[in-house]
Each structure stands twice: as structure tokens, then as C-alpha cells.
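Here is a friendly walk through one protein–DNA model. Have a look at the sequence and structure first, and then read on.

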There are 2 protein chains.
Amino acid sequence: MIRIGDLATRAGVSVRALRYYEEQGLLYATRSASGQRHYPEAAVDRVRLFQQLYAAGLSSRTIATLLPCVDANEPDEESTALLVSERDRIDRQIEDLIATRDRLTAVIGSSKQECRHPSVPQKTSRTTGQPAHV
Amino acid sequence: MIRIGDLATRAGVSVRALRYYEEQGLLYATRSASGQRHYPEAAVDRVRLFQQLYAAGLSSRTIATLLPCVDANEPDEESTALLVSERDRIDRQIEDLIATRDRLTAVIGSSKQECRHPSVPQKTSRTTGQPAHV
DNA sequence: CTAAGACCTGACGTTGACGTCAGAGGCAAG
DNA sequence: CTTGCCTCTGACGTCAACGTCAGGTCTTAG
């Protein structure tokens with residue numbers, strides 16, 4: 001069993017965030033006799049999943065709705081619709097981000113080529129199969 | 001010359017947003033004798049650019065810093081560094097979103113295939129060249 | 001035993017991009 | 001001229017995901 005401070009460190013979030021997740025119905029903890037929270041090992045991955053979903057623009061409420069579906073791997077009709085709509089929203093967001101990325105890259109490359117370095121490969125051709133047409 | 005209400009409609013934002021952009025130093029308007037704002041045609045595209053950059057996670061301050069650079073197409077050293085760091089951040093965000101999208105798609109497809117419809121093509125293979133490996 | 005940390009609840013503060021409301025003025029149509 | 005819509009400034013409200021602080025309890029190393 002993991003204590004809240006250790007979970008926070010291992011999952012890369014704050015203690016406050018973990019209590020907030022519990023408040024939102026996302027994370028459950030057993031309590032010791034004195035009321036301290038104890039988490040199973042699996043909580044680390046679960047919290048990382050929350051971070052991933054938050055980063056993708058899902059709200060606490062949406063995550064709470066989808067959690068039983070993701071856990072049990074048996075989405076009902078309502079949850080599936082929500083899943084699909086969120087997935088499609090993320091799809092559109094990816095497309096928008098690619099367009100913005102290409103636009104920034106065009107500005108960067110407009111007067112200097114020296115900024116190119118191998119740690120950031122060009123992905124436009126990989127994702128669209130077409131050269132940039134800004 | 002366009003009035004603020006028309007610009008808002010044509011650019012797809014609120015009047016309040018336009019005044020906010022001006023407050024942040026992003027958008028300038030000439031004023032009539034009575035103080036009403038008038039915008040040139042180019043303001044429509046400019047406002048749409050703001051929306052695109054906001055959607056990519058840039059703040060008003062960052063946009064304000066990069067604007068002269070993007071306008072003049074002659075980035076100085078500092079602006080270029082900021083441009084590159086924002087571009088790289090967007091790159092990482094795209095990667096994260098693709099991973100999340102694939103994860104949601106996997107959950108969707110885990111027990112039902114009927115959800116597949118042609119308006120949302122699979123893009124994983126186009127972007128990674130590999131099948132999903134959740 | 002005791003002092004330093006970790007933990008508890010409760011509650012107010014923060015931030016960014018606006019929403020909303022109040023009160024006052026401008027402007028073309030009828 | 002007045003009616004109705006647009007615009008102005010100024011200022012407070014909103015919302016989500018936490019940050020931070022207060023005041024108290026628990027636990028553990030020494």
C-alpha cells in the first residue's frame with residue numbers, strides 16, 4: 001500500500017491533485033484507522049491515465065463518466081457515444097495542431113535554415129504525405 | 001472598414017473577445033470621431049489566427065511577443081527561440097494526443113465494431129505506419 | 001520521549017480568456 | 001424626433017484544476 005505523498009511523487013502530480021481526484025470521484029483510497037489514505041500499486045498508472053486524459057482536454061466529469069467503461073471494457077451505448085465524440089474531438093484537435101505546427105515551422109524556416117536540428121524531425125510529410133502548402 | 005460587431009460575426013468570436021485582444025495588445029483599431037472602432041479587412045484573418053494559436057495553447061503574452069516576428073517575417077534571435085520552443089511543445093502535444101486517441105479507439109473497438117463509420121478514417125497507420133499497439 | 005515530517009479537513013486564492021451587466025452615448029430608418 | 005440596434009467604458013462574475021494557508025493529528029527516527 002502506497003501513501004499519498006509517495007503516490008504523488010511516483011505519478012508526478014501534487015498531493016493536492018490526488019485529493020482533488022478523489023473529490024471528483026476518480027480515485028478511491030482505503031483509509032487507515034487514523035484516516036490516512038492508502039492506495040494500491042495500480043493507482044500510479046491510474047493517475048497517469050488521468051493526466052493523459054486531462055492533457056487531451058477531457059474534464060473531470062467526462063473522465064468520471066468514462067471510467068467504469070474503460071475499466072470494465074464493456075462500454076454501454078451512452079458511454080460509447082461519449083467515447084466516440086471525445087475521440088473525434090481529439091482527432092480534429094490533432095489536425096488543427098498539425099496545421100499550426102506547420103505554420104510556425106514555415107515562419108521559423110522563412111529566413112533561417114540553421115534552426116533545424118535532428119532531435120525534432122519533420123513530421124508533416126509523414127502525417128499528410130504532402131509537402132507543406134502554407 | 002468593418003465595425004466590431006461585423007468583425008466578431010465574420011471571425012466567429014464575440015465582441016468581448018475582440019476588445020480583450022485589443023487590451024492584450026494583439027489587435028489595433030482606428031477610432032471614429034465618436035470613439036467607435038473600425039477594422040480593416042485583414043483583421044478577419046488576423047483574429048482567426050489568434051483563435052488558431054489560442055487553440056494550440058499559446059497565451060496572449062506569447063502571441064503578442066511573436067506577432068511582430070510573424071508579421072514582418074524577420075524573426076530575431078529571441079523570437080526564434082520562442083517560436084521553436086512553442087513548435088516543439090506542439091509537437092509533443094500532437095504525439096500525446098495521438099497516443100490518447102489510439103487508447104480511446106482501442107476501448108471503443110474492444111467489444112463493438114459497429115461504431116466504425118467512414119466520416120472518421122483511421123489515422124494511426126497514416127501517422128505512425130504501425131498498427132495500434134495499446 | 002520528542003521533534004521533524006507527513007498527513008488530515010476546510011476554506012479561500014489563482015489564472016486566463018473571456019461572459020455579463022450597468023449606465024451612457026451614437027446612428028440610420030421611419 | 002424617436003425608436004431600436006450598435007457601440008462605448010468599467011467592473012464584477014465564471015470555470016476548472018488545482019495552489020496555498022491554517023490549525024490540528026499521526027508516525028517514525030533518534
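In this predicted model, the side chain of B:Arg16 places an N or O atom 3.2 Å from a base oxygen of DNA strand C.

| Side chain | Atom of DNA strand C | Distance |
|---|---|---|
| B:Arg16 | base oxygen | 3.2 Å |
| B:Tyr21 | phosphate oxygen | 3.0 Å |
| B:Ser60 | phosphate oxygen | 2.9 Å |

B:Ser60 belongs to helix H4 of chain B, residues 60-72 (helices are DSSP runs of H or I, at least four residues, numbered from the N terminus). B:Ser60 is among the buried residues of H4(B), as is B:Leu66; buried means under 20% relative accessible area with a 1.4 Å probe, protein chains only. At B:Leu66 the helix bends by about 40 degrees, and B:Pro68 follows within four residues. That bend is the angle between axes fitted to the seven residues ending there and the seven starting there.

Residues are numbered from 1 along each chain as written, with chains lettered from A and ligands numbered from 1 in written order. Local features need pLDDT of at least 70, side-chain atom pairs count only at pLDDT 80 or more, and totals for chains, interfaces and linings use all residues, while side-chain values use heavy atoms, leaving out hydrogens and water.

Conventions
Helix = DSSP H or I, 4+ residues; strand = E, 2+ residues; numbered from the N terminus. Expected span 1.5 Å × (residues − 1). Buried < 20%, exposed > 50% of the residue type's maximum accessible area, 1.4 Å probe, protein only. Polar contact = N/O pair within 3.5 Å; in protein donor to acceptor, adjacent residues only side chain to side chain.
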